[in-house]
Amino acid sequence: MIAITAFSILNSQFSILLAQTSSTHDITQVAPAPTNGAIAIPLPEAQQRRLKKYEIPELVGAQQAVGSQLIDGRLPKPMLDYAIRNGALDQRISFFEGDLVVVSMGGAGGGTIRKRLILPADAVKSYLRSGSVVRSVRADSLTRPVSGRMARLRVYENGVANERVFDPVGSLPKPLADVVGPLGDLLRAISEDRTVSSSVANYEPKVGDELVGDDAKTYRVERIVPESGVVLLRCLSQPTTIYVSKKDLYNYFVGARAQ
């Protein structure tokens with residue numbers, strides 16, 4: 001059964017902003033939950049004790065990326081890609097035209113996390129200034145990857161990809177470290193977020209909709225209480241019924257059931 005915990009107040013300032021700046025959407029714009037999907041990586045214990053004060057400054061001004069992100073009927077072009085593999089853990093953050101940012105994480109015993117959002121254009125520009133840095137850093141000046149441990153930074157300029165591959169725990173030239181550090185911080189911030197990067201936030205439920213919970217079980221919306229906004233959901237695989245406030249669904253559900 002999904003635990004109804006203190007996460008109902010997680011990122012309270014962001015959820016208020018989200019409600020003020022984004023319109024609601026139906027189940028067709030809720031992203032399908034990946035296999036063994038997770039909402040977010042767990043917060044450190046110290047941050048869990050002060051949830052009301054928890055903020056993610058890297059995401060200020062970010063917007064949800066719900067529905068299709070096609071540009072003129074085509075996929076957005078890639079702009080930057082930073083991927084890290086360390087043992088069983090895989091992490092990746094990718095920038096696309098239209099200020100779209102996509103994060104994926106998996107391995108190391110945790111669930112699969114897939115998120116996307118729209119960053120402010122000025123913020124995106126600051127991350128994309130790394131093209132000249134990648135070109136200027138000599139490949140032979142970097143610590144080579146070892147078995148099971150590798151990082152790759154790839155930047156696209158005028159359709160041409162420039163990349164550098166290195167050991168993520170090795171020392172880096174300062175210009176490259178100044179690029180990789182903020183990208184790692186943004187990846188962490190998005191992986192911890194439960195609001196703007198979740199397509200379940202601002203979702204308007206309807207009876208019959210099916211959602212996948214953080215416990216990997218599928219739940220069907222059975223009833224919505226208009227007066228209170230409470231949603232009754234029934235588990236499809238076991239005799240469990242839960243009640244969740246409509247505004248808190250993003251705290252407990254990863255996404256829609258894949259068709």
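Q: What makes S2 and S6 a pair, and do they run in the parallel or antiparallel sense?
A: Two strands pair if DSSP finds at least two bridges between them, and S2 and S6 have seven, in the antiparallel sense. The strands, like the helices, are DSSP runs numbered from the N terminus (E, at least two residues, for a strand; H or I, at least four, for a helix). Within this pair, alanine 83 stands opposite arginine 152 in S6.

Q: How do you know which parts of the model can be described?
A: The model is predicted, and local features need pLDDT of at least 70, side-chain atom pairs count only at pLDDT 80 or more, and totals for chains, interfaces and linings use all residues. The protein chain averages 86, and 86% of the residues score at least 70.

Q: Where does pLDDT stay under 50?
A: It does so over residues 1–21, a stretch with 55 contacts (heavy atoms within 4.5 Å) beyond four places in sequence. Residues 47–54 are also below 50, with 15 contacts beyond near neighbours in sequence. Where pLDDT is low, the predicted coordinates should not be read in detail.

Q: What makes arginine 152 and aspartate 81 a salt bridge?
A: The definition asks for a side-chain nitrogen of Lys or Arg within 4 Å of a carboxyl oxygen of Asp or Glu. Their N to O distance is 2.7 Å, so the pair qualifies. Arginine 152 in strand S6 and aspartate 81 in strand S2 are 71 residues apart. Both are buried (under 20% relative accessible area, with a 1.4 Å probe and protein chains only; exposed is over 50%, partly exposed in between). These two also belong to a network of salt bridges with Arg92, Arg154 and Glu163.

Q: Why is glutamate 58 called partly exposed?
A: Because its relative accessibility is 24%, it falls in the partly exposed class. Its salt bridge partner is arginine 188, with the closest N and O atoms 3.1 Å apart. Arginine 188 is partly exposed too, at 32%.

Q: Why is arginine 85 called partly exposed?
A: Its relative accessible area is 44%, so it lies in that class. Arginine 85 forms a salt bridge with aspartate 90, at 2.9 Å between the closest N and O atoms. Aspartate 90 is partly exposed as well, at 31%.

Q: What makes the 34 residues a nonpolar core, and which have the most contacts inside it?
A: Such a core is a set of buried Ala, Val, Leu, Ile, Met, Phe, Trp, Tyr and Cys residues joined through side-chain atoms within 4.5 Å. The largest one here has 34 residues, with Leu59, Tyr82, Ile93, Phe95, Leu119 and Leu153 having the most contacts inside it. Helix H5 (174–192) is one of the elements that give two or more residues, and its eight residues are the largest share. Beyond four places in sequence, phenylalanine 95 is in contact with residues including Leu183 and Leu186. Apart from this core lies another, of 17 residues, among them Val30 and Cys235.

Q: How many residues lie between S6 and S7 in their hairpin?
A: There are two, and asparagine 158 in the turn has a positive phi of about 55°. S6 and S7 (residues 160–166) run antiparallel, joined by seven bridges. In this pairing, valine 155 stands opposite asparagine 162 in S7.

Terms used. Residues are numbered from 1 along each chain as its sequence is written. Side-chain values use heavy atoms; hydrogens and water are left out. pLDDT is the predictor's confidence in each residue, from 0 to 100.
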